[in-house]
Amino acid sequence: MEKKNIDWANLGFGYIQTDYRFVSNYKNGAWDDGIITEDANVVISECAGVLQYAQTIFEGMKAYTTADGRIVTFRPDLNGERMEQSAARLEMPVFPKDKFVEAVIKTIKANEAYVPPYGSGATLYIRPYMFGSNPVIGVKPASEYQFRVFTTPVGPYFKGGVKPLTIRVCDFDRAAPNGTGHIKAGLNYAMSLHAIVDAHNQGYDENMYLDAATRTKVEETGGANFLFVTKDGKVVTPKSNSILPSITRRSLVQVAKEYLGLEAEEREVYLDEVKDFAECGLCGTAAVISPVGKIVDHGKEICLPSGMTEMGPVTKKLYDTLTGIQMGTIKAPEGWVVEVK
Ligand SMILES: *Cc1c(COP(=O)(O)O)cnc(C)c1O
């Protein structure tokens, strides 16, 4: 298969239309078989449920080429499972996770020419999503839905080296205690846009959201979970029912315990204790883990002792081990790396 003529190493994180996408429609209470199509456009009613009441959910994952030339993806069953949970919470029909994995693999295969080569640092980003497609004007769930999967090649996240982030404690809330913070819904992003534009205008890379009820506990950023390392080398991740269960974070915690022999604890993390941590990182599919150098709480600066100029030592080990597992240079736990071709 001839690869597309793309300058992989200099790609950014933007949408580049690829040749094929998967589309399946839900109508009269059932999903059709779905097809791979070249048509990148969606045509829906002006009154579609997604346009009026934001009934839409998504997933984000990657495919890449391993050191020995295989095309693989990472733990797609967990994305499928999470999308089932997102659908249930927004009264959308579940697209079963085994069919989800099949659709993802089909879409990657069809776009093989866009899977970046090993060593380029680039990856093929995969975006499965679902939305209410029939007209809805009285507030209720749609009765027809579309599930789609498209792909787009994206560049190396740490282009020109790792630059630790400066983030601020945000005065806006991301998710209510019994709301939708734990599902991957477009609506969680719509309401974060003002906060992130404001953060950027003030010179910050990201927002640290606190728990909405007490504003004393660390939740997550707009699109990534926190991971902290204590001064004695223990991994700590915030526990909350209003954060999105990041697959990267869950994998890093397992890597910490099983590959690096570190202790790891998921518990409530108070903003007051953040100053005592040695390292802080943001976990998500896009970067795997990006180091945080400084957290600013209304003018009060918390500087992480390691991580101001580069990744802290534990963050680096976690990053190297998980990316090694993904790229096939370190043996993966059973089921983590799924071969596409
Ligand atoms: C997608 C997402 C993450 C990261 O999850 P991964 O499965 O690791 O990619 C974290 N927080 C939010 C709010 C997200 O939407």
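This is a predicted model: local features need pLDDT of at least 70, side-chain atom pairs count only at pLDDT 80 or more; totals for chains, interfaces and linings use all residues.

Reply: Residues are numbered from 1 along each chain as its sequence is written, and side-chain values use heavy atoms, with hydrogens and water left out.

Me: How many salt bridges does the structure hold?

Reply: A salt bridge puts a side-chain nitrogen of Lys or Arg within 4 Å of a carboxyl oxygen of Asp or Glu. The structure holds 19. One of them pairs Glu265 with Lys234, with the closest N and O atoms 3.3 Å apart. That pair links distant parts of the chain, 31 residues apart. Glu265 is in strand S13 (residues 264–267), and Lys234 is in the loop between strands S11 (225–229) and S12 (235–238). Strands are DSSP runs of E, at least two residues, numbered from the N terminus.

Me: Which residues join Lys234 and Glu265 in one network?

Reply: Glu263, Arg267 and Glu273 do, through salt bridges that share partners.

Me: Is Asp68 buried or exposed?

Reply: Buried means under 20% relative accessible area, exposed over 50%, partly exposed in between (1.4 Å probe, protein chains only). Asp68 has 55%, so Asp68 is exposed. Its salt-bridge partner is Arg70, at 3.1 Å between the closest N and O atoms. Arg70 is partly exposed, at 25%.

Me: Why does Thr123 count as buried?

Reply: Because its relative accessibility is 7%. Thr123 lies in strand S7 (residues 123–132). Beyond neighbours within four places in sequence, its contacts (heavy atoms within 4.5 Å) include Lys62, Tyr64, Pro116 and Val154.

How values were computed:
Helices (H or I, at least four residues) and strands (E, at least two) are DSSP runs, numbered from the N terminus.
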